[in-house]
Amino acid sequence: MKFEDVISQFNEIFIDVLEDDDIVLSRETTAADVEEWDSLNHIQLVVEIERHFKVKFTSMEIQSFKNVGEMCDAVVTKLQ
Amino acid sequence: MDFNTLRKQAKKYSATETGKTVRVAVLANHASQFLTKSVQYQAKINNLNIELYEADYNQIQSTIVNPNSEMYAFKPDYVYISHSARKLIPRFYGLDAAGKRAFASEFVSELGSLVDLLASRAGCQVIVSNLEEIDDSVFGSLGSTTVSSLLYQLRVINTQLRTLCMENRYLHLADVQSLILRKGYEQAFSPQQYITADLTFSTDFTVLLGEQLVQLLKAFTGDIKKCLILDLDNTLWGGIIGDDGLENIQLGDLGIGKAFSDLQKWAKQLKNRGIILAVCSKNQEMLAKEPFEKHPDMALSLDDIAVFVANWSNKADNIRYIKEVLNIGYDSMVFLDDNPAERDIVKGELPEVSVPDLPGDPAEYLPFLMNLNLFETISYSENDSDRTRQYQEEAKRKALSKSFTDMSGFLDSLDMKGTFEPFSDFDIARIAQLTQRSNQFNLRTVRYTDSEIADIREGENSIGFSVKLSDKFGDYGLISVLIGRKQSEEELFIDTWIMSCRVLERGVEKYVLNRLVDEVKKLGFKSIVGEYLPTRKNGLVKDHYHNLGFVQKENLWYLDLNSYQGFDVSITMA
């Protein structure tokens, strides 16, 4: 799956979990850019992304993600 | 169901407009944000009004010990204390061998005194969770039998917690370990969520924790199931009795008969606990009864079934009939049927009836039903098991009443004997249960737990009477409860007046009032004050005080004891 497909599916998941239809993700988006993206919701986002793509992040990855792009990259790599 | 699905489901439900709000404080030794969210969502889905207070992380002890904590100001009706074993591990590992061997006893005795303090200060019910029985594999297989192992000590904690809950009427157990047995610890715990977010229960597992707590709270508020209505063909046995015949229906060792036999045996255990069983089947009655009478592998007999309905009418109509006979609410009924079309009809016409969507494979019926935990309860008394017999006796009374043209002749012929006595120790569980379960003949719908009933019995300003009734057909047992609160030296307020609907129209309320007046006059009271608080279900008693000659002043009803004449009744003292 290509990065563009992954991030667009990410966008759907973010809208669903954070209950905000206005979210538009880019590679550089971080938690600071999205009001509802707090630490609790972050846990839920990870769960939903894992479920959706049928992948599993390691705790190292979860801790090191700096922005949406890095999360998407991790998914792209896992799906290869 | 996963956490996100629960969240979305809950959004579909609007807040309930009826019912009292229960105030619940959650105290946890672990990060409980997802747990409290799950409780909120589950409450919404299950039609329970709830207000939650979440104590600070890992502050169980200080929250309880500090009399000025926010938790006390919140005035909880229930406090849920949730411990995660994983959070106890560092403390356990820090102990020497002797300390490890005493770990469980110390943990439980510490918790016991905290809970005592909490209950006496807040006057609330306390629900404690038990612990995950984690095996750290330090001792290999020997861990189970090595006193200083983690697993051994956690298991002792769970055993001692059970004892503690059995000994204290205000203390109740939320059996988390049983949920873990159901789901497996790999589902209950996510190493990634634990390491990155310090969650000791996975977000998805909190869905079950929340459900467990909400089911308990619903039982506390009297929202419980009393009756299981069973379809026959392909539900209680495999095949169709009308087509396949007695020899070919699948039961016992025949075909997949074990699945059906197991379900029957389970239903029989429920019946022995006090759940009423009824049959509702599209069948010819004679054919439908044949297996009950003749098949050697039937676990259920006709004696186990309080109401047996087999005909070709609409099942919703038949359930309406069953409700009439049993005189219980639709919301206390569960209907089991393998046929999705029949289930849809009942769901559509009687939305309050619980209609589980049985799996397609009968092998899964029983595991599925056990997981639903439909028959939650917070009290059990031995006489619950007589309930089916009582309903059968009632059928005989109904038959007799048809032979009389006048009511008083019928009542006299019943040869009724009553007792009216102060609360006794033996009856506390049954009294509490009646306050939890009665919805119709219930003037103020105040629910009490065992411990609260014990307090009323001992209180200086409260007085409680229970009423028992028998007649020539059998014993009704304890069927009515009165709780009075002393307003002044001369005035007694009736906090609770409830009666089982099984004894409606027997003149019991008049007998009770006669006796109440006798008893409280002796105590020096001059008047009795009653109140009717309407609910969705207690319309039956809206004119109760009027009919008994009480005089209304504003919202209250007054009875002057000196001018009280007494009613003629057909009940004599036992």
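**Salt bridges, helices and the interface**

Visitor: Does Lys294(B) count as buried or exposed?
Guide: This is a predicted model, and the assignment is computed from it. Residues over 50% relative accessible area are classed as exposed. Lys294(B) has a relative accessibility of 54%, so the class of Lys294(B) is exposed.

Visitor: With which residue does Lys294(B) form a salt bridge?
Guide: The closest N and O atoms of the pair are 3.6 Å apart. Both partners lie in helix H14 (residues 285-294) of chain B, and because they are 4 residues apart there, about one helical turn separates them. The partner of Lys294(B) is Glu290(B).

Visitor: Which residue in strand E12 (residues 474-486) of chain B is paired with Asp495(B)?
Guide: Asp495(B) has a relative accessibility of 7% and therefore counts as buried. Its salt bridge to the residue in question has closest N and O atoms 3.5 Å apart. That partner, 10 residues away from Asp495(B) of strand E13, is partly exposed with a relative accessible area of 28%. The residue is Arg485(B).

Visitor: What is the N to O distance in the salt bridge of Asp495(B) and Arg444(B)?
Guide: Both Asp495(B) and Arg444(B) are buried. The pair links distant parts of the chain, 51 residues apart, with Arg444(B) in the loop between helix H20 (428-437) and helix H21 (450-458) of chain B. Their side chains meet at an N to O distance of 3.4 Å.

Visitor: How many salt bridges does the rule find across the interface of chain B and chain A?
Guide: The structure holds 38 salt bridges over all chains. For the interface of chain B and chain A, the number found is 5.

Visitor: What area do chain B and chain A bury between them?
Guide: The contact involves 17 residues of chain B and 14 residues of chain A. Asn4(B), Arg7(B) and Gln192(B) supply 35% of the area that chain B buries against chain A, more than any other three residues. Carbon and sulfur atoms account for 55% of the area buried between the chains, which is about 1300 Å².

Visitor: How many residue pairs are in polar contact between chain B and chain A?
Guide: The residues on the side of chain B that touches chain A divide into 5 nonpolar, 6 polar and 6 charged. Helices H1 (3-12), H2 (33-45), H10 (191-197) and H11 (203-220) of chain B each supply at least two residues of that side. Between the two chains, the count of residue pairs in polar contact is 8.

Visitor: Which residue with a positive phi follows H13(B)?
Guide: Helix H13 (residues 257-273) of chain B has 17 residues and reaches 25 Å, close to the 24 Å expected at 1.5 Å a residue. Trp266(B) and Leu270(B) are among the buried residues of H13(B). The residue after H13(B), with phi near 125 degrees, is Gly274(B).

Conventions:
Residues are numbered from 1 along each chain as its sequence is written. Chains are lettered from A and ligands numbered from 1 in the order in which they are written. This is a predicted model: local features need pLDDT of at least 70, side-chain atom pairs count only at pLDDT 80 or more; totals for chains, interfaces and linings use all residues. Side-chain values use heavy atoms; hydrogens and water are left out. Contact means heavy atoms within 4.5 Å. Buried area is the accessible area (1.4 Å probe) that two parts lose on being put together, summed over both. A salt bridge is a side-chain nitrogen of Lys or Arg within 4 Å of a carboxyl oxygen of Asp or Glu. A polar contact is a pair of N or O atoms within 3.5 Å; within protein, one must be able to donate a hydrogen and the other to accept it, and residues adjacent in sequence count only if both atoms are side-chain atoms. Ala, Val, Leu, Ile, Met, Phe, Trp, Tyr, Cys and Pro count as nonpolar, Asp, Glu, Lys and Arg as charged, and the others, Gly among them, as polar. The expected span of a helix is 1.5 Å times one less than its number of residues. Buried means under 20% relative accessible area, exposed over 50%, partly exposed in between (1.4 Å probe, protein chains only).
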